[in-house]
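Dear colleague,

Please find the structure below, handed over for your records. My notes on what was found in it follow.

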Amino acid sequence: MTAEEAVEKKKLFMLDYHDVLLPFVHAVRELDDTTLYASRTLFFLTEDGTLRPIAIELTRPKSPNTPQWRQVFTPGSSVAASWLWQLAKTHVLAHDTGYHQLVSHWLRTHCCVEPYVIAANRRLSQMHPIYRLLHPHFRFTMEINAQARGMLINANGIIESAFAPGKLCMELSSAVYDKFWRFDMEALPADLIRR
């Protein structure tokens, strides 16, 4: 199948962390024992419904000491190409895991819901139908978030030691919130269309 046919049949999908990670690449690379590239990954939807990675682009932006570096990796037939493909997939897996925990889970699930919890408790009667609907979901959110701030996302905490951005984890999460979170895009169907 040609690339044009794959696009026409809606068989190509992209996982794009390029714009999110690129501003943090140099700062993360200055940390001890870590590295970071911005990435884009192209997937092909197979007949059995599996998304198969077919190309990965890793990028390091220009710095005062080094030129911009960008390379596209594809599954190769040689031993060296095969190892490079595995390493590129490892970078993407680390990006996807970090993004999920820092943005999809922490930011979009915990942080962004706090104002709603506060507003519901301050402004809605406990008898209000919306309050009654939301209360079971909001019940422990503030306590869980407080514990997370004390144990997980604090300076030198578990999150900073487990994910590539290191001490820049919360800064990355804040940058994503600033650039990509919009109230009007978080509800259905806009959220599904955007994804």
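In the largest nonpolar core, which has 22 residues, the members that touch the most others are L21, L36, L102, V103, I159, L172 and V176. A nonpolar core here is a set of buried Ala, Val, Leu, Ile, Met, Phe, Trp, Tyr and Cys residues joined through side-chain atoms within 4.5 Å; buried means under 20% relative accessible area, exposed over 50%, and partly exposed in between (1.4 Å probe, protein chains only). Two or more residues of this core come from each of helix 2 (18-21), helix 3, helix 4 (79-110) and helix 9 (169-180), and helix 4 gives the most, with four residues. Helices (H or I, at least four residues) and strands (E, at least two) are DSSP runs, numbered from the N terminus. Apart from this core lies another, of seven residues, including I56, L58, W85 and V92.

Please note that this is a predicted model, in which local features need pLDDT of at least 70 and side-chain atom pairs count only at pLDDT 80 or more, while totals for chains, interfaces and linings use all residues. Residues are numbered from 1 along each chain as its sequence is written, and side-chain values use heavy atoms, with hydrogens and water left out.

Setting aside neighbours within four places in sequence, V103 has contacts (heavy atoms within 4.5 Å) with G98, R108, L172 and V176.

Turning to the aromatic residues, a search of the whole structure finds five aromatic pairs. Rings of Phe, Tyr and Trp (its six-membered ring) pair if their centres lie within 6.5 Å; planes under 30 degrees apart count as stacked, over 60 as edge-to-face and the rest as tilted. One of the pairs is Y37 with W69, which is tilted, at 5.3 Å centre to centre and 45° between the planes. Because Y37 lies in the loop between helix 3 (25-29) and strand 2 (38-45) and W69 in strand 4 (residues 69-73), the pair ties together parts that are 32 residues apart in sequence. Y37 is buried, at 16% relative accessible area, whereas W69 is partly exposed, at 26%. Y37, W69 and F73 form one aromatic cluster.

A search of the whole structure for disulfides (cysteine sulfur atoms within 2.5 Å) finds zero. The sulfur of C111 has its closest cysteine sulfur in C112, at 6.5 Å, which is too far for a bond. C111 is partly exposed, with a relative accessible area of 22%, and C112 is buried, with 9%.

Yours sincerely
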